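Please look through the sequence and the model before reading on.

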Amino acid sequence: MVNYIVKKGNKYWPSKEMKRIAWVTDSKIYKKAEKNPVKFWEELAKEGIDWRKAWSKTYEEKLPYFKWFKGGKLNFCLNVLDRHIGNGHKTALIWVPEATDERTIKLSYKELFDKVNQFANALKKLGVKKHDTVAIYLPLVPELVISMLACARIGAAHTVVFSAFAPDALQARIIDGESKILITADGYFRRGKKIDMLSNANKAIKGTKVNKIIIVKRLNKKMNYRKPYYSFDKEIEKYPHYCMPETMNSEDILFVLYTSGTTGKPKGIVHDTGGYAVQSYYTAKWNFNLNPDDVMWCTADIGWITGHTYAVYGPLLNGATTLLYEGTPDFPNFDRWFKIIEENNVSIFYTAPTALRMLKKYADGFTDKRKFSKLRILGTVGEPIDEETWNWYFKKIGKSRCPIIDTWWQTETGGTLINALPGIGPFVPTISGRSFPGTRHEIVDDNGKKAKKGNLVQLPPFAPGMLHGVLNNHKKYVETYWKRFKKKYDTSDGAIMINNLFRITGRTDDVMKVAGHRIATAEIENAIDKHKQIIESAVVPVPDEVRGEVPVAFVVLKSDKPSEKLEAEIKKHVDNTVGPIARPSKVYFVQDLPKTRSGKIMRRILKNILKHERPEGLMTLINPDCVEEIKMVVG
Ligand code: WT7
């Protein structure tokens, strides 16, 4: 079996074979790119993407905004589909349904092209115009990819909302994006059970501008398609296999994706067309040594940025095959993912530490029977990976012959930014690596001075895939990313520099990573506070073996007495307003929450109490007495 790595000292490096096949092998690329990053990206953009018109200015910076490839024109969908149609029989997408007795679907580039064009025509006919926003609330089905690409073809921005989000969360995103059309499904399968989606969608559209709902049939429910409902399948059938791709400006919006900030209101992160195309194309290609004959499986749901960039856009821009799996890792048992990898010749596998911790715990026994002989590159993303989990991944899945690419990035950055490249290395547990060529990051202390440990920031010129604002909220954009460190993009992550490589330590703000999903404490608190029996609440994360962190809630009641029933009700309430990922694992009923004189809830003190540490800074509290009471409640 081919070995892609060698051990030298206590580090892993690319083997000769990896050096032979990797796109990038000379570490001089970093220096070269740093000398003139704008020129570096310009050359990549010319080579990797088909433009309809060349740009007049490669990079323009007027902080807090900046533009890439200004004046350049292109169509994103054309780059994904039309340019691969010469090899149209090639599989673009493998879709594995959750039920084991249902057939895997494979769509070739030509088949995907046909469907995307048909659906693009349908969207146009239904009134979608260039620059409109289309809301997509779909489970992991091929129609999701078709919908995104159809939007890109006609120049409409898509905003994909994760399928497990509750009606309120969906509604807030539809309103903010001003979508008039919603693409959704009758439901989906989870561990063999049918999950309804349509009733969520129906609740969510109330009070919004949505006047057309296109429905994908996944559960085969009987439907009567009367206005405002349209059938995805029937619409597609009506139209020809070609729709002229719109010519878009490089800076036109490709999509908006909502993510949690430190306040309760999610932010609509705006991504453009040209810059994002360049970064998603090259990061997919270089990080994962991606070739057209590869099968790449990025396990993230397309409702998150990882799914956007590495389950859809990155692999398809490269003419490779992307694999999508509808279900959970444990259905019908924990061998499921391994079976999918082997049966579909997956060569690049990209997942999250939370999934790996779960597999380590429950699926270890299945790994020895598997050879994973086609695997070449492993990736991880979403949260820091601990050494033990890294080693398990390396040995049990990588069979000690595949590099692990630990990619640091964010919804805001559009594509990966800090990681080792497979042809250069090194691959070191808990360390992400260096800034992608042509990008620069540094660590600064709280005063903005360069340090070995502290806050991770990005330096100009900002990467082409970076966000171009928060939708409808300039103030938020400035406050979140540009206020703290002058002219440097604030990532809100902590980092440590070790031998010139970055180790990312995690969020420094009130954002949690629950099973890799980003969720603001304030978002959960807002949901809880809407419950009629509650005066106020504070949510803090506690460590969890598999999920990394889970939320715990402290609540102050109006008149009701604490009870198990009420606890269950509050959890359910969070499920129904945000979604099950935000559900507190425990609810503590307390008389009062620790507050500063200015009324700010001191979550840090609650964290101390949960960890049985001595809380510090009690002097700053206006109500220090409540600390003893909370200690008693926590026990
Ligand atoms: C946050 C962004 C875009 C990837 C999926 C999550 C954390 C991401 C790593 C990594 C340590 C990581 C950071 C970041 N994070 N990748 N390799 N090592 N931490 O996107 O939901 O926008 O979350 O995920 O804390 O800020 P997201």
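A polar contact is a pair of N or O atoms within 3.5 Å; within protein, one atom must be able to donate a hydrogen and the other to accept it, and residues adjacent in sequence count only if both atoms are side-chain atoms. The model is predicted, and for that reason local features need pLDDT of at least 70 and side-chain atom pairs count only at pLDDT 80 or more, while totals for chains, interfaces and linings use all residues. Residues are numbered from 1 along each chain as its sequence is written, and side-chain values use heavy atoms, with hydrogens and water left out.

**The ligand**

The ligand is surrounded by 18 residues, and the closest of them are Asp-406, Thr-411, Asp-493, Lys-513 and Arg-518; a residue is near the ligand if one of its heavy atoms lies within 4 Å of it.

| Side chain | Ligand atom | Distance |
|---|---|---|
| Asp-406 | nitrogen | 2.7 Å |
| Gln-410 | oxygen | 3.0 Å |
| Lys-513 | oxygen | 2.7 Å |

Taken alone, the ligand exposes 550 Å², of which the protein buries 96%; such accessible areas come from the Shrake-Rupley method with a 1.4 Å probe, and for residues only the protein chains shown count as cover. The shell around the ligand has six nonpolar, six polar and six charged residues, where Ala, Val, Leu, Ile, Met, Phe, Trp, Tyr, Cys and Pro count as nonpolar, Asp, Glu, Lys and Arg as charged, and the others, Gly among them, as polar. Helix 11 (305–317) and strand 28 (501–507) each supply at least two residues of this shell; helices (H or I, at least four residues) and strands (E, at least two) are DSSP runs, numbered from the N terminus.

**Helix packing**

Helix 11 also packs against helix 6 (residues 142–154), at an angle of about 60° and with the axes 12 Å apart. Here axes are lines fitted to C-alpha atoms, for helices over the stretch in contact, and angles run from 0 to 180 degrees between N-to-C directions. On the side of helix 6 the contact (heavy atoms within 4.5 Å) is made by Val-145, Met-148 and Leu-149, and on the side of helix 11 by His-308, Val-312, Tyr-313 and Leu-316. By class, this contact has six nonpolar, one polar and no charged residues.

Helix 6 packs with helix 5 (residues 109–125) as well, at an angle of about 65° and with the axes 8 Å apart. The residues of that contact divide into eleven nonpolar, two polar and three charged.

**Backbone places**

Most residues other than glycine have a negative phi, and most peptide bonds are trans. A cis peptide bond joins Lys-227 and Pro-228, with omega about 5°, and Pro-228 is found in the loop between strand 13 (212–216) and strand 14 (229–231). Another cis peptide bond joins Pro-460 and Pro-461, with omega about -5°. Asn-289, in the loop between helix 10 (274–287) and strand 18 (295–298), has a positive phi near 45°.
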